[in-house]
Number of protein chains: 2
Amino acid sequence: MPRFPRIAESAQGVKGSVYSGLKKKPASGKPPVPLHIGDTWMEPAEGCRMQDLTVEDHPGMHRYSPVPGYPQLRDRIAEVHGERTGIETERGQVVVTGGATAGLAAVVGALVSPGEEVLLVAPYWPLIAGSVRAFGATPVDVPMMTEVETAEAAVERLEQYRTDKTVAVYWNTPHNPTGRLLPRDWLEAMSQWARKNDLWIFSDDVYEDYVYEGEHAYTRTVSPDNTISVHSFSKAYGMAGNRCGYLAGPNEAIDAVKRIMTNINYSACSASQLAALNALNGAADEWVANAREKYAQLGREAAEALGLPGPKGSTFLFPDVSHALDERGLDGFLGDLAEAGVLVAPGPSFGPYNQHVRMCFTAAPPDEIRRGVDILASKIQR
Amino acid sequence: MPRFPRIAESAQGVKGSVYSGLKKKPASGKPPVPLHIGDTWMEPAEGCRMQDLTVEDHPGMHRYSPVPGYPQLRDRIAEVHGERTGIETERGQVVVTGGATAGLAAVVGALVSPGEEVLLVAPYWPLIAGSVRAFGATPVDVPMMTEVETAEAAVERLEQYRTDKTVAVYWNTPHNPTGRLLPRDWLEAMSQWARKNDLWIFSDDVYEDYVYEGEHAYTRTVSPDNTISVHSFSKAYGMAGNRCGYLAGPNEAIDAVKRIMTNINYSACSASQLAALNALNGAADEWVANAREKYAQLGREAAEALGLPGPKGSTFLFPDVSHALDERGLDGFLGDLAEAGVLVAPGPSFGPYNQHVRMCFTAAPPDEIRRGVDILASKIQR
């Protein structure tokens, strides 16, 4: 049992860098176009940058904040989230987290025991699988988002993978990686099924601000009792490096999450919280509107070039590249693409998808994205 | 097994706020003197504040950094840590973390499986117990730091608590909460014992810059193969709110830690890393020397007032208050103290110490600390 120099068994199945691992360099010698990672090329809005936060205005801003976040930020989040979801929300139902990643880890730590199972609506945001594994539990892929088209079929799929060890289900919308939205009737059916089976729902809404067609529906709106709603300032405001997000959910669950978070994370960065508060108070409104317009345009162009329907939300497309694969499979395709100067994320990071890749259309300036998409499109064409 | 609305069994024993919980308010109506939390009253050095970091100087500074930290920061850490420990250290043996708390959580996730045991040299930094519990493992208190006086006795104590489920041992020096240093001969004996029993060592050195008497010895210096060395910019540079620290250790263990960290935390705040780099590059040298002098003076004064030997390091004292307790026990004492205007941390947060309290002598400006210490001293006097 004592085991230096070995690592924990529970850590052995956990992947690190899920996005790359490619050693091939572009033949041109130029830096590759980074379509593989989800970020933005834009600097955050003025008023929301670190240089805008001074110790003169905010004495003690480099000291610890309260673990669940500054009270004024939690209150503002409760107000905004309450308006958006239509679910009246109070400070005690909100906790500020060190990004959505740290938030979800605290949720897993608080609500899932070792040996239990969490269903993942697939394809999914890759880190959730590693997070569940890190706590000794088992992620279970439920392929749905490229497979089924109705709420009924979605529930059937979920039920097919449920066991007596299942304690929670994770989904995200607007959807990373397909750019779809989970329609409200799906959320209603899936939530009802979860409620009936006493399952927690981890609803990852980090792309809520980036919807280009249709309307984002919040899981917390349709099922507030058993939903932990996961949010981020990273995607909304171009602050991914600030590591700040939040959770909203029932008081008792949020209390447990706060206790876990205290011990494995403590709190989000104090300055990042002040930046988030400025953004929520209006300093970034214009920035978001502008970003949304630009992202929508880039997403439509990329989809058209790749022969896909335009994304309804998020900042991703998930093309099926099966007809471009040869006997070397996806690795060969990714290698060729890297040599041609473009990085994309391999489908298997998102579930059982060894004939898909994910591309982000916002991580580099528009002209670079267009260049990368053209190269990708030329490789996908039969 | 499915359990909404219940929380995880592994989360049930995890404490949240370990430092307070007191509802009593000071009778004076003035804010209480916060001797309960470990922080500093000083703003960080100029050049190391968020306002000193601009997008003009650091384009993309609000975007994701690489998961293990900016390469230039890791290289600088490797250099500084290598010089301090005498162990040549390379970039791959260093990972930047979202504070020491997040770093230790990733270490536990990477090296400890559910059901295993971690020995904690007690009294200890409270969050390590919750972190071990959060991953489904068991923290085991080993009372030593107020109980034994020799390296031999220390090893005997550790051996007494070792079982076939023990996989690691945690200690911290300069010591939170007693202000002691673990002498080099203790570290050698304890490390040798750990190595013989194939145990990982989690050595928490976050107060390495605050030594007032004697010399800090690094566990990694005496046992580099099985030690993960835990560090923080919080304590050194008055940046606790920035949530940035680092780990150093053997490549294979650091690789596993990075993989866990990717999934439960992603990375430290990008701007916080830039601030840390400025500090390590000399911008905070004068600040640290000045802080050390001030802290040393405050520590000596507090110890004298409380009838204790002066702290050799850290920013804490851990007085035994048994002779001041009445039939209400420690809770009664803490309540009286709060009414008198002073908050301290209860001993039981640090292990089996229900007749001790911890006080920090750096969390408020010197005059306020002195006022708090006087009140505490008057309550402790028989």
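Which residues does B:N278 touch, not counting residues up to four places away in sequence? I started my notebook with that. The model I am reading is predicted.

**Entry: B:N278**

I found B:N278 in helix α10 of chain B. I listed what B:N278 touches beyond those sequence neighbours: B:G47, B:C48, B:L53 and B:A283. I then looked up B:D52, which is 226 residues away from B:N278 along the chain. Their C-alpha atoms are separated by 9.9 Å. Is B:N278 buried or partly exposed? Its relative accessibility is 25%, so I wrote down partly exposed.

**Entry: where chain B meets chain A**

I turned to the contact between the two chains. Chain B gives 86 residues to the contact, and chain A gives 86 residues. I noted a buried area of about 7000 Å² between them. Carbon and sulfur atoms give 56% of that area. Which residues of chain B lose the most area to chain A? They are B:F4, B:H62 and B:Y64. Together these make up 13% of what the chain B side buries.

Next I looked for polar links. I noted 36 residue pairs in polar contact between chain B and chain A. I checked which elements of chain B give two or more residues to the side that touches chain A. They are α1 (9–12), α3 (99–111), α4 (127–134), β5 (166–172), α9 (251–264) and α10 (270–283). By class, I recorded 41 nonpolar, 27 polar and 18 charged residues on that side of chain B.

How many salt bridges cross the interface of chain B and chain A? I found two. A salt bridge joins A:D39 to B:R63, with the closest N and O atoms 3.7 Å apart.

**Entry: strand β8 of chain B**

I looked at strand β8, residues 245–248 of chain B. Both of its faces are covered. B:G245 and B:L247 are buried on one side, and B:Y246 and B:A248 are buried on the other. Which strands pair with β8(B)? Strand β2 (residues 94–97) of chain B runs antiparallel to β8(B), joined by four bridges. There I saw B:V95 standing opposite B:L247. Strand β7 (residues 227–232) of chain B also runs antiparallel to β8(B), again with four bridges. The bridge partner of B:H231 in β8(B) is B:Y246.

**Entry: salt bridges within the chains**

I counted 26 salt bridges over all chains. I picked out a few.

In chain A, the side chains of A:R84 and A:D209 meet at 3.4 Å, N to O. A:R84 lies in helix α2 (residues 71–85) and A:D209 in the loop between β6 (200–204) and α7 (219–222), so the pair ties together parts 125 residues apart in sequence. A:R84 is partly exposed at 33% relative accessibility. A:D209 is buried at 10%.

B:R84 is partly exposed at 34%, whereas B:E208 is buried at 9%.

I also noted B:R180 with B:E149, at 3.7 Å. B:R180 is partly exposed at 21%, and B:E149 is exposed at 61%.

Last, I went back to chain A. Salt bridges with shared partners join A:R84, A:E208 and A:D209 into one network.

Methods. Residues are numbered from 1 along each chain as its sequence is written. Chains are lettered from A and ligands numbered from 1 in the order in which they are written. This is a predicted model: local features need pLDDT of at least 70, side-chain atom pairs count only at pLDDT 80 or more; totals for chains, interfaces and linings use all residues. Side-chain values use heavy atoms; hydrogens and water are left out. Contact means heavy atoms within 4.5 Å. Buried area is the accessible area (1.4 Å probe) that two parts lose on being put together, summed over both. A salt bridge is a side-chain nitrogen of Lys or Arg within 4 Å of a carboxyl oxygen of Asp or Glu. A polar contact is a pair of N or O atoms within 3.5 Å; within protein, one must be able to donate a hydrogen and the other to accept it, and residues adjacent in sequence count only if both atoms are side-chain atoms. Ala, Val, Leu, Ile, Met, Phe, Trp, Tyr, Cys and Pro count as nonpolar, Asp, Glu, Lys and Arg as charged, and the others, Gly among them, as polar. Buried means under 20% relative accessible area, exposed over 50%, partly exposed in between (1.4 Å probe, protein chains only). Two strands pair if DSSP finds at least two bridges between them.
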